[in-house]
Amino acid sequence: MELFEAIETRRSVRSFKPDAVPHELADKIAKAGTFAATGRNAQSPIIIQIENRELRDRISKMNAAVMGADGDPFYGAPLIFAVLADRTVSTHVYDGSLVIGSMMLAAHALGLGSCWIHRAKEEFDSEEGKEILRELGITGDYEGIGHLAVGYPAGEYPEAKPRKNRYIIKA
């Protein structure tokens, strides 16, 4: 898929088939995130590629609790990425956001749907979230930036909404 076509046609998907995403595609999406721009090339983010169903469901439950809701905030996506970034780097939130954006475009270019899911900060600031990081051997002062739910879309790919007036202001 051509770059500008991917940028203009990518949409958030909120309904996924249960089919697993092949590991090689998941790896490509994660790798795309590692090439996102970061302030001073500090590379403050880390990407947790969650293919383990038990861990995926555990994090989904935590995310739903933060939201104060029941159900799966990841819309049934079989693959979840959690992006965290080193709080000691002043650009960590921006860095992590660019990582997720790059991964969203990569997923779309590979024929997959994705959706940015919030509440990672609250999850990984909790004791259970810190325990998950310890279980994964992650040390340091990381802030959860966001999740990326990824999978094959169930249904039609959403159409683009019209762009707002004065989105671009030339000076």
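The buried residues of helix 4 pack against helix 1, helix 2, strand 1, strand 2, strand 3 and strand 4. Contact here means heavy atoms within 4.5 Å. Helices (H or I, at least four residues) and strands (E, at least two) are DSSP runs, numbered from the N terminus. The model is predicted: local features need pLDDT of at least 70, side-chain atom pairs count only at pLDDT 80 or more, and totals for chains, interfaces and linings use all residues. Residues are numbered from 1 along each chain as its sequence is written, and side-chain values use heavy atoms, with hydrogens and water left out.

Helix 4 covers residues 92-109. Its 18 residues reach 26 Å from the first C-alpha to the last, close to the 26 Å expected at 1.5 Å a residue. The expected span is 1.5 Å times one less than the number of residues. Buried positions in helix 4 are His92, Asp95, Gly96, Val99, Ile100, Met103, Met104, Ala106, Ala107 and His108. Buried means under 20% relative accessible area, exposed over 50%, and partly exposed in between (1.4 Å probe, protein chains only). Glycine 111 follows the helix, with a positive phi near 85°.

Glycine 39 sits in the loop between helix 2 (23-34) and strand 1. Its relative accessible area is 19%, so glycine 39 is buried. From glycine 39 to glutamate 143 the C-alpha distance is 16 Å, at a sequence separation of 104 residues.

Helix 3 (residues 53-67) has 15 residues and should span 21 Å; its end C-alpha atoms are 21 Å apart, which agrees. At its start, a side-chain oxygen of asparagine 52 reaches to within 3.0 Å of the backbone nitrogen of glutamate 54. Glycine 68 follows helix 3 and has a positive phi, near 75°. The buried residues of helix 3 are Leu55, Arg56, Ile59, Ser60, Met62, Asn63 and Ala64. They pack against strand 1 (45-50), strand 2 (79-86), strand 3 (113-117), helix 5 (120-125), helix 6 (127-135) and strand 4 (142-151).

The whole structure holds 11 salt bridges. A salt bridge is a side-chain nitrogen of Lys or Arg within 4 Å of a carboxyl oxygen of Asp or Glu. Arginine 56 meets aspartate 57 in one of them (3.2 Å, N to O). Arginine 56 counts as buried because its relative accessibility is 1%. Aspartate 57 is partly exposed, at 34% relative accessible area. Aspartate 72 also forms a salt bridge with arginine 56, the closest N and O atoms being 2.6 Å apart. This pair links distant parts of the chain: aspartate 72 lies in the loop between helix 3 and strand 2, 16 residues from arginine 56 in helix 3. Aspartate 72 is partly exposed, with 28% relative accessible area.

A further salt bridge joins glutamate 128 and arginine 58, with closest N and O atoms 3.2 Å apart. Glutamate 128 lies in helix 6 and arginine 58 in helix 3, so the pair ties together parts 70 residues apart in sequence. Both are partly exposed: glutamate 128 has 37% relative accessibility, and arginine 58 has 26% relative accessible area. Salt bridges that share partners join Arg87, Lys121, Asp125, Asp141 and Glu143 into one network.

Technical notes:
Polar contact = N/O pair within 3.5 Å; in protein donor to acceptor, adjacent residues only side chain to side chain.
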